Amino acid sequence: MEMNLIGITAISLAFLFFVGIIYILIKKNVFASENKKVIKEREKFNSNNSTLEELKTQNKELAAEIFFLEEKNKKLKQKVRDLKEAIVHLEEQKKQLEKSESSLKELRIQKEETLAMVAHDIKNPAGTIKNFVNLLESYDLNAQEQQDVLKGLLETSSRILNLADEFSSIVAQEHVDISLKKEISDLNNAVDDIVNSNKVSAERKEISLILKKNNDLPEVKMDQAKIKEVVDNFVNNAIKYSPTNGTINVSTSFDKNFAIVEIKDNGFGLTEEELLKAFEKGTTLSTKPTGGETSSGLGLWIAKRIVEEHDGKVWVSSKKGIGSTFSFKLPVE
């Protein structure tokens, strides 16, 4: 009985010991497992913490790079604005240069045209003086005829001097216009002077130069010297292109608010094409001057410009083989 009790006790102790060992092993395994889990969590935490630090570092670097790029962008934008302003300034300078170049070109053209006008209009009175001198040398003139010739020489010489003064003034001027000195004047007197100064030229070609004036013609506000140039160009052309024994009729008339001057010849006339461009600069006619005279193609163009500066108008009517009538009108006061 006692032996059985001891055996049971020994067995119980052995069992308890065995259970304890198992328990200890289980606990050890559990602890080891928990420890591994903690280690893994710690490693994971450390790893995440390291990644976070790296991200923070990268974020700082990115922020610094963004700041750098923003500053650079600001500078680039400022450069773009500066360039735009520079381009605008250059465009303005270009426009100013083009304007200056255009003005210089226009001035040069004005000077060339005006000088050509003056040079052309010196030629007619110079030829008239030559004719007067030839008349004095070739004919036995009475006292009245001599007086008329001297009067013509004086008037024509004054015209040449005025044109020479105008020539010098044009050369010196920076800006050139047709400078008019308008005064209330008698248009009949201006026409009369030109007809008288051209009679010698007409007589040398045996051309009848007839003047018919309207004595009731109202006075006109005009530059008398310039209007004389117009009449002289028309009369001189009529003589130049009329045949020997021809007739040139010069007349003055009045229509409504305009004084009219007409120069009619029975020369060779103009073609339809020549009529369209008769007053254009440099126009030359198919018909040649009958006395070997020269023609620059400027006289009618000059006349047109002068008349239009007086708010007047020029025109021509003509038929080939019959003759031409050149006319102009000026407003009266």
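Two strands count as paired if DSSP finds at least two bridges between them, and the helices (H or I, at least four residues) and strands (E, at least two) are themselves DSSP runs, numbered from the N terminus. In these terms β4 and β5 form a hairpin with two residues between them, and K256, in the turn, has a positive phi of about 55°.

The model is a predicted one, in which local features need pLDDT of at least 70 and side-chain atom pairs count only at pLDDT 80 or more, while totals for chains, interfaces and linings use all residues. Residues are numbered from 1 along each chain as its sequence is written, and side-chain values use heavy atoms, with hydrogens and water left out.

**The chain as a whole**

The chain has six helices and seven strands, and from the N terminus on its elements run α-α-β-α-β-β-α-β-β-α-α-β-β. Of the 333 residues in the chain, 31% are buried, where buried means under 20% relative accessible area, exposed over 50% and partly exposed in between, with a 1.4 Å probe and protein chains only. Among the contacts (heavy atoms within 4.5 Å) with a separation of 6 or more, 77% are accounted for by residues 24 or more positions apart.

**The sheet**

Five strands form an open sheet of mixed pairing, in the order β2-β4-β5-β7-β6. Its edge strands are β2 and β6 (313-319), each of which pairs on one side only. Neighbouring strands of this sheet are turned by 15° against each other on average, direction ignored.

| Strands | Sense | Bridges | Residues standing opposite |
|---|---|---|---|
| β2 (residues 208-212) and β4 (residues 247-255) | parallel | five bridges | K212 and S251 |
| β5 and β7 | antiparallel | seven bridges | K264 and T325 |

Strand β7 (residues 323-331) holds S327, which is buried, with a relative accessible area of 2%. Leaving aside neighbours within four places in sequence, S327 is in contact with F234, V261, E262, K313, V314 and W315.

Helix α4 lies across β2, β4, β5, β6 and β7, running at about 175° to β7; here axes are lines fitted to C-alpha atoms, for helices over the stretch in contact, and angles run from 0 to 180 degrees between N-to-C directions.

The axes of α4 (residues 224-241) and α6 (residues 299-309) come within 9 Å and cross at roughly 150°. That crossing makes α4 roughly antiparallel to α6, since angles over 145 degrees count as roughly antiparallel, under 35 as roughly parallel, 65 to 115 as roughly perpendicular and the rest as oblique. The crossing of α4 and α6 is left-handed, a term used if the near helix is turned anticlockwise from the far one by less than a right angle, with right-handed used if clockwise. In this contact K226, I227, E229, V230, N233, F234 and N237 of α4 meet G299, L300, I302, A303, I306 and V307 of α6. The residues of the contact divide into eight nonpolar, three polar and two charged, with Ala, Val, Leu, Ile, Met, Phe, Trp, Tyr, Cys and Pro counted as nonpolar, Asp, Glu, Lys and Arg as charged, and the others, Gly among them, as polar.

Helix α3 (residues 187-204) also packs with α4, at an angle of about 35° and with the axes 9 Å apart, and α3 passes α4 in a right-handed crossing. By class, the contact of α3 with α4 has nine nonpolar, four polar and three charged residues.
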